[in-house]
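Please look over the sequence and the structure below before reading on.

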Amino acid sequence: MLLASCHCGAVEIRVDDVLGDVTDCNCSICRRYGVLWAYFPPGKVEISAKLPTQTYAWGDRSLAFHRCGDCGCVTHWAGFAPEADRMGINARLLPLDVLGEARVRRLDGADTWKYIDE
């Protein structure tokens, strides 16, 4: 079980899984957010928020990026399509000892959409 939270604690994320690789994407939004993404099936993720999260969608509007409405930390992204089989959790919200054990993969989301660390 993984437990993560935003800075103020208003958004908590529980994942019924272990942390594998995390992704450092250089696309225009991810590099600005400064996040590391951990991907999971939505059915394994439970998100509780004391306040509604704020969302941002851009481009083809297939994803919504969520952030805490109080402290502003980016918490996760989720697809709008009901059949979406994965979502991204901001792994930087995990405890440092948990995150420290993950392998960081570098994704060229700005151009090729391929991992560039192989």
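## Terms and basis

In this report, a contact means that heavy atoms lie within 4.5 Å. The model is predicted: local features need pLDDT of at least 70, side-chain atom pairs count only at pLDDT 80 or more, and totals for chains, interfaces and linings use all residues. Residues are numbered from 1 along each chain as its sequence is written, and side-chain values use heavy atoms, with hydrogens and water left out.

## Overall fold

The protein chain contains two helices and ten strands. These elements are DSSP runs numbered from the N terminus, where a helix (H or I) has at least four residues and a strand (E) at least two. Read from the N terminus, their order is β-β-β-α-β-β-β-β-β-β-α-β.

The radius of gyration, taken over C-alpha atoms, is 14 Å for the protein chain; this agrees with the value near 13 Å that a compact globule of 118 residues would have. The globule rule used here is 2.2 Å times the number of residues to the power 0.38. Along the principal axes, the C-alpha atoms fill a box of roughly 40 × 35 × 25 Å. Of the contacts between residues at least 6 apart in sequence, 54% join residues at least 24 apart.

## Surface and burial

The protein chain has an accessible surface of about 7100 Å², and 50% of this belongs to carbon and sulfur atoms. Accessible areas come from the Shrake-Rupley method with a 1.4 Å probe, and for residues only the protein chains shown count as cover. A residue is called buried under 20% relative accessible area, exposed over 50%, and partly exposed in between (1.4 Å probe, protein chains only). Buried residues make up 36% of the 118 residues.

## Surroundings of histidine 66

Histidine 66 belongs to strand S7. With a relative accessible area of 15%, histidine 66 is buried. Not counting residues up to four places away in sequence, histidine 66 touches Thr53, Gln54, Thr55, Cys73, Val74, Thr75, His76 and Ala78. The C-alpha atoms of histidine 66 and glutamine 54 are separated by 5.6 Å, although the two residues stand twelve residues apart along the chain.

## Aromatic rings

Rings of Phe, Tyr and Trp (its six-membered ring) pair if their centres lie within 6.5 Å; planes under 30 degrees apart count as stacked, over 60 as edge-to-face and the rest as tilted. By this rule there are three aromatic pairs. In one of them, the ring centres of tryptophan 37 and phenylalanine 65 are 6.2 Å apart and the planes lie at 45°, so the pair is tilted. This pair links distant parts of the chain, with tryptophan 37 in strand S4 (residues 37-40) and phenylalanine 65 in strand S7 (residues 63-67), 28 residues apart. Both tryptophan 37 and phenylalanine 65 are buried. Tyr33, Trp37 and Phe65 form one aromatic cluster.

A charge is said to sit over a ring if NZ of Lys or CZ of Arg is within 6 Å of the ring centre and within 35 degrees of the ring normal. The charged end of arginine 86 takes such a place over the ring of tyrosine 39, 3.8 Å from its centre. Likewise, the charged end of arginine 105 sits over the ring of tyrosine 115, at 4.2 Å from its centre.

## Salt bridges

Side chains of opposite charge can pair when their charged atoms come close. A salt bridge is counted here when a side-chain nitrogen of Lys or Arg is within 4 Å of a carboxyl oxygen of Asp or Glu, and the count comes to four. Arginine 105 forms one of them with aspartate 117, the closest N and O atoms being 3.0 Å apart. Arginine 105 lies in strand S10 (residues 104-107) and aspartate 117 in the segment after S10, so the pair ties together parts that are twelve residues apart in sequence. Arginine 105 counts as buried at 11% relative accessibility, whereas aspartate 117 is partly exposed at 32%.

Another salt bridge joins aspartate 17 and lysine 44 (3.5 Å, N to O). This pair also links distant parts of the chain: aspartate 17 is in the loop between strand S2 (11-15) and strand S3 (22-25), and lysine 44 is in the loop between S4 and strand S5 (45-49), 27 residues apart. Aspartate 17 is partly exposed at 25% relative accessibility, as is lysine 44 at 35%.
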